Amino acid sequence: MPDPFFLNTAQNIAGTLCRDAIWDGDRCNWVSWMAMPHGQTIQFTWRAHGPGLYEGVAGIAYFLAQVYRFSPDSVLRRTIQGALKASLSRCESIPPEFRSSLFNGWVGVAHSVLSAAEIMKDDDLLHRGFNLLLSASKVEPDRNYLDIINGSAGAIQGLLHSPRAFRQMDLIEAAARHGNNLLSTARTEGNAASWPTEGNLFLLGYAHGVAGIASALLELAAVTGESSYMEMAISGLEFERQKFDPKERAWPDLRQQQNPSSVFSEGWCHGSSGIGLSRLRAFELGMSGQELSGEIDAAVQRTAISLHTAQTVPDSSNFCLCHGLAGNAAFFLKAAQVLDRKDLKEIAEKVGYFGIKRHEEMGLPWQCGIGQGRENAGLMLGLAGIGLFFLQLYSPLTVSNVLLLENGVN
């Protein structure tokens, strides 16, 4: 039986977000503590959220809409609609090169709008979301943007898996154009392939690396039946396989160019949990073999150690989806479903109880992915994503997994 404490925690977070929304007519936004680039450094400041899915109002609305499934009320509905109207009103401000982006562009905003529209039975939002997705599908792929966060890989996921998108031929054709962009930009060495992404580096992992790109190509192959996408995806998996460190049983973070073999991560963005998610999805799409099973096992073991450490030394980690406890534990929820392992679900639930005790019973703020000890409202770095994790704990087969862009609606 699902534990109502998980639902209650998500509802509490949703209530906080509804309370803290700042209104301008029929639109709303939030002000959060954020990290902003300033020359060669990062500065922290309070600022309003942008329109996108990653840390924008579309992402906050995405979480609130999932809460609406279980506790529909007028305040929540009005806040979701206000946030989405704010997001849609600012879509033209997104630079053209990012408009096909899943997490920072039109594709992600459309995904959030369509998800909320289906849950709330809102025909106006449904119409506006689908029109935005169609507009995003007409944006030509950019050879400089390839990854899940900002590029063609994320565009493929959104164009194929947003509500109302599946089997829409124009959207499939647009996704194929992005797939061809990935085929033409791949660097191949023998039977391994990789792509230049963040900082023009050839990275591992889901958000900016090979794992996410290979997952997108696998999804495209499953829909189109084109073998070239499958073959390139397999080559991408081989590149990560060659970088695996058997001693550490983990994949190095190749952003650390001075000594890339000494830094390892467990986060969804650049580490084991995201790579593990990509392998679980590959397994669901029909891939098999000892190497794939071994990679899933390695990701589980490495991530389990980090989850244990974080609960033993509470200040050692944050709770966000991108690179924190919630994202890592969400990997365990997915693994529990795919592998039919109750023990992995129990590990994820233990993380949830740890969060409830520390942040609700002790009255401490949630540790978000921004740092500096301040809360953030956003989806991937803040409260909205933490709340989404607790909803997944409560009903993992119903609530959408934004880390793989799975749809609980469909």
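**Entry 1. T303**

I began with T303, which is buried at a relative accessible area of 0%; buried means under 20% relative accessible area, exposed over 50%, and partly exposed in between, with a 1.4 Å probe and protein chains only. The model is a predicted one, in which local features need pLDDT of at least 70 and side-chain atom pairs count only at pLDDT 80 or more, while totals for chains, interfaces and linings use all residues. Residues are numbered from 1 along each chain as its sequence is written, and side-chain values use heavy atoms, with hydrogens and water left out.

I placed T303 in helix α11; helices are DSSP runs of H or I with at least four residues, strands are runs of E with at least two, and both are numbered from the N terminus. I then looked up the side chain of T303 and found one of its polar atoms 2.7 Å from the backbone oxygen of A299.

**Entry 2. The largest pocket**

I next turned to the largest pocket, which holds about 1,300 Å³ of space. The search runs on a 1 Å grid over the protein atoms alone: a pocket is an open set of points with protein on both sides within 12 Å along at least five of seven lines, a cavity is a set of points where a 1.4 Å probe fits but cannot get out, and lining residues have an atom within 4 Å of a point. Grid points are joined across faces, edges and corners, and a volume is the space filled by probe spheres set on the points.

I noted 45 lining residues for the largest pocket, with Y54, E55, C322, H323 and L381 nearest its centre. Which element gives the largest share of this lining? Helix α11 does, with four residues. At least two lining residues each come from β3 (31-38), β4 (41-48), α11 (290-312) and α12 (325-339).

By class, I recorded 20 nonpolar, 18 polar and seven charged residues in the lining of the largest pocket. Here Ala, Val, Leu, Ile, Met, Phe, Trp, Tyr, Cys and Pro count as nonpolar, Asp, Glu, Lys and Arg as charged, and the others, Gly among them, as polar.

**Entry 3. The cavity**

I searched the whole structure for cavities of 30 Å³ or more and found one. The volume of the largest cavity is about 40 Å³. Its lining consists of L102, F103, I148, Q157, Y206, V402, L403, L404 and L405. I sorted this lining into eight nonpolar residues, one polar residue and no charged residues.

**Entry 4. Aromatic rings**

I counted 16 aromatic pairs in the whole structure; rings of Phe, Tyr and Trp (its six-membered ring) pair if their centres lie within 6.5 Å, and planes under 30 degrees apart count as stacked, over 60 as edge-to-face and the rest as tilted. The pair W366 and F390 is edge-to-face, because the ring centres are 5.6 Å apart and the planes stand at 65 degrees. W366 lies in the loop between α13 (342-361) and α14 (383-394) and F390 in helix α14, so the pair ties together parts 24 residues apart in sequence. I found both W366 and F390 buried. Ring pairs also join F6, F319, Y353, W366, F389 and F390 into a cluster.

I then looked up charges over rings, where NZ of Lys or CZ of Arg must be within 6 Å of the ring centre and within 35 degrees of the ring normal. The charged end of R187 sits over the ring of F202, 3.7 Å from its centre. R374 lies over the face of W33, at 4.1 Å from the ring centre.

**Entry 5. Two buried side chains**

Is H270 buried or exposed? H270 is buried, with a relative accessible area of 4%, and lies in the loop between α9 (227-243) and α10 (272-284). I noted a polar contact of 3.3 Å between the side chains of H270 and R255; such a contact is a pair of N or O atoms within 3.5 Å, and within protein one must be able to donate a hydrogen and the other to accept it, while residues adjacent in sequence count only if both atoms are side-chain atoms.

I located K334 in helix α12, where K334 is buried at a relative accessible area of 4%.

**Entry 6. Positive phi**

K121, a residue other than glycine, has a positive phi near 60 degrees. K121 is in the loop between α4 (106-120) and α5 (123-137) and counts as exposed at 68% relative accessibility. N200 has a positive phi of about 60 degrees although it is not a glycine. I found N200 in the loop between β6 (192-194) and α8 (210-224), exposed with a relative accessible area of 58%.
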